[in-house]
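Here is a short briefing to read beside the sequence and the 3D view. Keep both open as you go.

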Amino acid sequence: MAPLTLADCDELARVHVAVWREAYAGLMDAAYLRGLREERFAERWRSRASASVGTSPASVTSVTSVTSVTSSPASSPGGADAGGPVTLVARDRAGVVGFVSAGSSRDEDPPTAWELWAINLLGRARGTGLAEHLVQLTVGDRDASLWVVEGNARARSFYTRLGFAPDGARSEHEPTGTPEVRLVRRQA
């Protein structure tokens, strides 16, 4: 693993926009998805990469191989013992394939202290076990919550396999009004 650099941000933005357009086609307003701009996403990623300078070097990390990540959950940035926010960028031989971000819950009345903020992977990385591995690296075995687009059956099925279940909370994606549901996992 190596820290995310400013040089990674343009590629990460292209992937981020591509994943959103693919994952939310038919679920979010098509004009909104067409209007997503890589430049805006790149600027947000540059801001995040710049903010990580001077913080723990593992707070924003690049997973350099889809098939052989060497860290374990206990020693990873977001493993069971970590407390700060974490972003992992996943790559294969062709480049960035996605990312995962997690940290303290952003809800006003959080059901858990930790939240899986986002996991976005290109189609070529799906079905490889990478998504589950990234969740393990960032969430570990702790209690956690997340928000998912209500109609995103693929994502909901994935989270269900990881032990997440709806807790009854609902929201809307502000820019589009797309319904979202909160899922929570509590480890016994």
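The side chains of Arg 46 and Asp 10 meet in a salt bridge, 2.8 Å from N to O. A salt bridge here is a side-chain nitrogen of Lys or Arg within 4 Å of a carboxyl oxygen of Asp or Glu. The model is predicted: local features need pLDDT of at least 70, side-chain atom pairs count only at pLDDT 80 or more, and totals for chains, interfaces and linings use all residues. Residues are numbered from 1 along each chain as its sequence is written, and side-chain values use heavy atoms, with hydrogens and water left out.

**Salt bridges**

- The structure holds 10 salt bridges.
- Helices (H or I, at least four residues) and strands (E, at least two) are DSSP runs, numbered from the N terminus.
- Arg 46 is partly exposed, at 25% relative accessible area. Asp 10 is partly exposed too, at 40%. Buried means under 20% relative accessible area, exposed means over 50%, and partly exposed lies in between (1.4 Å probe, protein chains only).
- Asp 92 and Arg 124 also join their side chains in a salt bridge, with 2.8 Å from N to O. Asp 92 lies in strand S3 and Arg 124 in the loop between S5 and H4, so the pair ties together parts that are 32 residues apart in sequence.
- Asp 92 is partly exposed, with a relative accessible area of 24%. Arg 124 is partly exposed, at 45%.
- Arg 170 and Glu 150 form a further salt bridge, 2.7 Å from N to O. Arg 170 is in strand S7 (residues 165-173) and Glu 150 in the loop between S6 and H5, 20 residues apart.
- Is Arg 170 buried or exposed? Arg 170 is exposed, with a relative accessible area of 51%. Glu 150 is partly exposed, at 29%.
- Asp 8, Glu 11 and Arg 91 are linked in a network of salt bridges.

**Aromatic pairs**

- The structure holds 4 aromatic pairs. Rings of Phe, Tyr and Trp (its six-membered ring) pair if their centres lie within 6.5 Å; planes under 30 degrees apart count as stacked, over 60 as edge-to-face and the rest as tilted.
- Trp 20 and Tyr 24 form an edge-to-face pair, 4.9 Å centre to centre with 75° between the planes. Trp 20 is buried at 16% relative accessible area, and Tyr 24 is buried at 15%.
- Trp 45 and Phe 99 form an edge-to-face pair: 4.9 Å centre to centre, 75° between the planes. Trp 45 lies in helix H3 and Phe 99 in strand S4, so the pair ties together parts that are 54 residues apart in sequence.
- Both Trp 45 and Phe 99 are buried.
- Phe 158, Tyr 159 and Phe 164 form one aromatic cluster.

**Strands**

- Strands S4 (residues 95-104) and S5 run antiparallel, joined by 7 bridges. Two strands pair if DSSP finds at least two bridges between them.
- Which residue in S5 is the bridge partner of Phe 99? The partner is Asn 120.
- Strand S5 (residues 114-121) is mostly covered, with 6 of its 8 residues buried.
- S6 is mostly covered too: 5 of its 6 residues are buried. S6 and S8 run antiparallel, with 6 bridges between them.

**Nonpolar core**

- The largest nonpolar core has 27 residues; Leu 116, Leu 134 and Tyr 159 touch the most other members. Such a core is a set of buried Ala, Val, Leu, Ile, Met, Phe, Trp, Tyr and Cys residues joined through side-chain atoms within 4.5 Å.
- H4 gives the largest share of this core, 6 residues.
- Leaving aside neighbours within four places in sequence, the contacts of Leu 116 include Val 100, Val 135, Leu 146 and Tyr 159. Contact means heavy atoms within 4.5 Å.

**A buried arginine**

- Arg 182 is found in strand S8. Arg 182 is buried, with a relative accessible area of 11%.
- Beyond its neighbours within four places in sequence, Arg 182 is in contact with residues including Asp 107, Asp 109, Trp 147 and Asp 167.
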